[in-house]
Amino acid sequence: MRILLIILLSLTYLFSFDALHVKAQIIAKIAHELVDKDIVNIYTDDESLIKTKGLVPSLNYTTKKNADIAFLTHKDTIEKTCKAKYIFSTSYYNYKTSKKAIGAFFWQKGRPNIIIKSSMLKKLNIKLSQSFQKYIE
Amino acid sequence: MYLFFLIMLVLFEIGFAKDIDSLLSELAQKDDLSEYTKKDTAGFITVFKREDLDRMKIRSFGELIDKIPFLRNKLDNLGLNDPYYQPYQINNPARIRLFINDRELLAPLFGSGLRILGQLDISYIDHIEVYHGIPSYDIALEPSVALIKAYTKIGNRENTTTFGASIGNNGTYDSYAYKSAKLKDYSYFSYISRRDLKRDKVQNLGSELSRDKKNMHAYGQLSNETSNFEIQVLDGSLDSFAGSSWDMTPQNSDTDFLYLSSSYSFISLDKSIKATLNYSYLTDEKYESSTSPLGYLPSGFFPFYTLYYTSRINTTEHLFDAKITKKYTVNNTSFLFGFSNRFKKFTFNKYELGGVDFSSNYKYDSEDVFSVFSEINHQLNKNNQIILSLHGQKYFESDRIDSNIVYGARLGHIYQKENLIQKSFLFYGKFHPTPLVLLYNDLLSNGLNQLDSETVYALSTQFLWRPSPNIDLSLLFARTVYKDAIYFDHSYHNSKATNIYDTISFESKYFFNSQDKIDLNIWSIIEDNGGISSNRYHNQFGGSLSLYKKFFLFDTYNSLSYVNGSEDIDDGWNYNATVSYEYSKQLTLFIKGKNLLNKALKSNYRSVNLLNGQITKLGDVSNIDRTVWFGLEYQF
């Protein structure tokens, strides 16, 4: 058993996540921070995020009507068609101009960034963990 | 099966156990823009990612030269960046070419982009790729020894309005601002900067030599999924340091210049068609007056010459560039076909020596280069890839310069298995002389001496090995053989000797975690110039060691670079350090020291009295001043 554990730990050290896996983990972190479920239903229309499907076991990729949380890039989907309770925009411009998006996951100053609207947190009565506090604006 | 699931579960949990900050930092590294722009099959690449540049607080291309294997951070007699500077040898753009996105910065008379932009602010640059040796024709069609490809920041990765400013000793200051965003269907990036660069003065025979530079610089970009439009304007003036007088004693020596460039590029949605159109314009006026003569002019009475002490040279240069490529993919093979036309027009509006205008003597004023090229990339199996590139170019020269046709070929093999990659390339090509060499050769020989193209053969191989996810190792060997190399010795010649350059480099990176790392590079060039004297071999070697480390809100960078000296120049040791402090999410403060040991590589300059052959030497001039900068960056 000890040998097995050593092998497993060595393998985890050697395992390198590529950008897509890291994106999947970030989405999962956000989803589990907001949705209190073991398996979270998510929807995305962002091409770079669609490819993360199947990479994280605790995320179930579903339709925009059945999703708990959505990561959206198109303005129309954010404002009109998506029924998810929590909407994250992947466009800073759409986030800034939306009343429905709770937060955004986007690039700013060449780095991936997360921001979450404090007014939406209050409205939805959500308290975030310590590690997410710095992203609230 | 049980074991497999257990492994997957542990792997996932390990990933999930990382906090959100670490994951975002990891994504910044792994999804860097360079992952989308670099072309691994094009050659041997060193990448300076956005995070690297941000942490180093690199503020000009010139500063980066210390970190590029095989290059020496040297300034020419006008105080401009030229890693290969030798007194009386013309700046050769064929050695180092500088591209911004897919647009080459080049002025046929002024020289390479490194001379134009070398010491200007580069806050608008996202990342930089350096291709060592001779890269694929898809990257550059005209010859190069090293190619610096800089990519600008882009709107959909910036989404910010940012202002930055810094001050340094000697009264240097600069400031910049940029605004960018991704809107509904397009994104934009706009940037403006002003730099007043003051350098240490150098005293020579009673004259004060200055390398100060001032400029205003603006850049704008508008892009969507398929099109990209860019415009760049640079208006500057520089003190021309040692100038061209016989004793290097300028009284008033400065250059004013204006550079404009605009380009349009298109890429089809399936990425199979790429097209670029580029137009660049440069006008500059160099004025020099000196206490020692700048030269002599023939006269009709004893002593049959007249010395002159002033010169005023005004030039205008145009570069039109068009390139189109089409790629077809059939099973495991891709075929790339391309066509390019580059038209260079250069005019001496004024060439006044001692008040007499000689501009009408300069009849050679244009070069038109047509190129066709193709690249076949065949994936033999899972591990092996073969690349064959062919190209032909016709150089149409104006006036009495001979036109020329040159051909080249490149065969590559890439082996990739798990964490090991081996790249090997065999190259043959002809390098046509640059317009400036052709121009002066024509004048000096009165049109009688026509230069041949240089012939180049190169064989190179590189091993890239990742023994674990946090260690990258690279080992590169190359042998380059030059025949008919062009050199200057009172006039231009094709060398009868064969010059052989053996180059070796070793690079390693060790990542402590997603933020901290240490980089090491060591390189060597052994040159055999084919002569029979004791001066036949020249060895150059150098390296650099850099540590990037974060402590709480402090981000530190320390780097020590070394290059060997020569008979009359000491070895160069350049120690740079930067500490950045993130005061808030909006405001970052930094302090940066350059050449803190004051032992960076120095240069010697020589000038010749054309009447008696007496040589004036100006020695031990530091290429980099010991400088401390304080700066801030505020994000609105």
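Which residue just after H8(B) takes a positive phi of about 55°? That residue is Asn446(B), and it belongs to a predicted model, in which local features need pLDDT of at least 70, side-chain atom pairs count only at pLDDT 80 or more, and totals for chains, interfaces and linings use all residues. Residues are numbered from 1 along each chain as its sequence is written, while chains are lettered from A and ligands numbered from 1 in the order in which they are written. Helices (H or I, at least four residues) and strands (E, at least two) are DSSP runs, numbered from the N terminus.

**Chain A and its sheet**

- Chain A holds six helices and six strands, and from the N terminus on its elements follow the order α-α-β-α-β-β-α-β-α-β-β-α.
- Of the 137 residues in chain A, 39% are buried, where a residue is buried if 20 or more other C-beta atoms lie within 10 Å of its own, exposed if 12 or fewer, and partly exposed in between, with C-beta atoms placed from the backbone.
- Two residues are in contact if their C-beta atoms, placed from the backbone, lie within 7 Å; among contacts in chain A between residues at least 6 apart in sequence, 36% join residues at least 24 apart.
- An open sheet of six strands in chain A has the order S2-S1-S3-S4-S5-S6, with mixed pairing, and two strands pair if DSSP finds at least two bridges between them.
- Strand S2 (59-61) and strand S6 (111-116) of chain A stand at the edges of this sheet with a single partner strand each, so one side of each is left without a neighbour in the sheet.
- Neighbouring strands of the sheet are turned by 25° against each other on average, direction ignored, where axes are lines fitted to C-alpha atoms, for helices over the stretch in contact, and angles run from 0 to 180 degrees between N-to-C directions.
- Within the sheet, strand S4 (residues 86-89) and strand S5 (residues 103-108) of chain A run parallel and are joined by two bridges, and Phe88(A) has Gly103(A) in S5(A) as its bridge partner.
- Helix H2 (residues 19-34) of chain A lies across S1, S2, S3, S4, S5 and S6 of chain A, and runs at about 125° to S1(A).

**Where helices of the two chains meet**

- H2(A) and H2(B) pack at an angle of about 150°, with their axes 9 Å apart.
- The two helices H2(A) and H2(B) are therefore roughly antiparallel to each other, given that angles under 35 degrees count as roughly parallel, over 145 as roughly antiparallel, 65 to 115 as roughly perpendicular and the rest as oblique.
- The residues of the contact of H2(A) with H2(B) divide into seven nonpolar, one polar and four charged; Ala, Val, Leu, Ile, Met, Phe, Trp, Tyr, Cys and Pro count as nonpolar, Asp, Glu, Lys and Arg as charged, and the others, Gly among them, as polar.
- Among the residues that meet here are Val22(A) and Ile26(A) in H2(A), and Leu23(B) and Leu27(B) in H2(B).
- The buried residues of H2(B), which include Leu23(B) and Leu27(B), pack against H2 and S6 of chain A together with helix H4 (50-56) of chain B.

**Strands and a helix of chain B**

- Strand S21 (residues 366-379) and strand S22 (residues 384-397) of chain B run antiparallel and are joined by 13 bridges, with a hairpin of four residues between them.
- S22(B) also pairs in the antiparallel sense with strand S23 (residues 404-417) of chain B, over 12 bridges.
- Helix H8 (residues 435-445) of chain B has buried residues that include Leu438(B) and Leu439(B), and its buried residues pack against S19, S21, S22 and S28 of chain B.

**Backbone details in chain B**

- Most residues other than glycine have a negative phi, and most peptide bonds are trans.
- Asp399(B), in the loop between S22 and S23 of chain B, has a positive phi near 55°, and with 13 C-beta neighbours inside 10 Å it counts as partly exposed.
- Asp484(B) likewise has a positive phi, of about 60°, and is partly exposed, with 19 other C-beta atoms within 10 Å.
- A cis peptide bond with omega of about 5° joins Phe302(B) and Pro303(B), and Pro303(B) lies in the loop between strand S16 (295-298) and strand S17 (305-308) of chain B.
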